[in-house]
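Reader: Please take one part of this model and go through its surroundings closely, contact by contact. Then place that part within the rest of the chain.

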Amino acid sequence: MLTIPESRGWLRILRLGLLFSACGWGISFWFTFVPWDEAADQLQGMGARPLRYDPILDYWLKMASSAFGCIGVASALACWRPGAFAGLVKLLPGFHLFVGTTLLVSSRLNHLNPHRHQTFIADITFCFVTAVLIGLPLLARGGRRCS
């Protein structure tokens, strides 16, 4: 059974994972609030081909980045009070494992190259490291049960 750890050490590791999650997903809000030209330049810097303005692409970028940013906000709240957000905390390791696996498979299927697409390795690593940092403390004995 997954539990919120009560020991100081495990709780710190859990909070570190939740902080990683908050920062890693929260940074996506940048794309929500910048104009298309800045967002397209950033995406190009991350390995995308030049993107001409397309209203539906701008809409989808805003939709995805705001949803990703909200995951960051939820993770920040869970970092602040893990016991109060135990249900969310319990879901986050599996979520990060699923996303990391999806990105890993997608990067292979799309033949991504680290020299052209610099960020995909960091994204995959972020997901798996965050899953471990949140998941291991939940498996530690002596905590309060997650509902």
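Author: Helices are DSSP runs of H or I with at least four residues, strands are DSSP runs of E with at least two, and both are numbered from the N terminus. In these terms S21 lies in helix α1, and α1 is the part taken up here. The model is a predicted one, in which local features need pLDDT of at least 70 and side-chain atom pairs count only at pLDDT 80 or more, while totals for chains, interfaces and linings use all residues. Residues are numbered from 1 along each chain as its sequence is written, and side-chain values use heavy atoms, with hydrogens and water left out.

First, the setting. The chain has six helices and two strands, and along the sequence they follow the pattern β-α-α-α-α-α-α-β. Taken along the principal axes, the C-alpha atoms fill a box of roughly 55 × 30 × 20 Å. Burial is judged by relative accessible area, with a 1.4 Å probe and protein chains only: under 20% is buried, over 50% is exposed, and values in between are partly exposed. By that rule 33% of the 147 residues are buried. A contact means heavy atoms within 4.5 Å. Among the contacts in the chain with a separation of 6 or more, 78% join residues 24 or more positions apart.

Helix α1 covers residues 8–26. Angles under 35 degrees are called roughly parallel, over 145 roughly antiparallel, 65 to 115 roughly perpendicular, and the rest oblique.

The axes of α1 and α4 come within 7 Å and cross at roughly 155°, which means that α1 is roughly antiparallel to α4. The crossing is left-handed, a word used when the near helix is turned anticlockwise from the far one by less than a right angle, clockwise being right-handed. On the α1 side the contact is made by R15, L18, L19, S21, A22, W25 and G26, and on the α4 side by F68, G69, I71, G72, S75, A76, A78, C79 and W80. Sorted by class, these residues are 10 nonpolar, five polar and one charged. Here Ala, Val, Leu, Ile, Met, Phe, Trp, Tyr, Cys and Pro are nonpolar, Asp, Glu, Lys and Arg are charged, and the others, Gly among them, are polar.

With α5 (residues 86–109), the axis of α1 comes within 12 Å and crosses at roughly 55°, so α1 is oblique to α5. This crossing, too, is left-handed. From α1, residues L14, L18, S21 and W25 meet V89, L92, F95, H96 and V99 of α5. The contact has seven nonpolar, two polar and no charged residues.

S21 takes part in the contact with α4 and in the contact with α5. At 0% relative accessibility, S21 is buried. Leaving aside neighbours within four places in sequence, S21 touches G26, G72, S75, H96, F126, T130 and I134.

Another residue of α1, G26, also has a place in the α4 contact. The C-alpha atoms of G26 and A67 are 9.4 Å apart, across 41 residues of sequence. A67 sits in α4 and is partly exposed, at 40% relative accessibility.

A67 leads on to α2. F29, a residue of helix α2, is 8.6 Å from A67, C-alpha to C-alpha, although 38 residues separate them in sequence. With a relative accessible area of 22%, F29 is partly exposed. Beyond residues up to four places away in sequence, F29 touches S65, S66, G69, C70 and V73.

Both α2 (29–33) and α4 (55–80) are among what covers the buried residues of α3. In α3 (residues 36–45), W36, A39 and A40 are buried. Seen down the helix axis, these buried residues fall within an arc of 100°, taken from the directions from the axis to the C-beta atoms, so they line one face of α3. The face turned away carries the exposed residues D37, D41 and G45. After α3 comes G47, with a positive phi near 115°.

Notes: Axes are lines fitted to C-alpha atoms, for helices over the stretch in contact, and angles run from 0 to 180 degrees between N-to-C directions.
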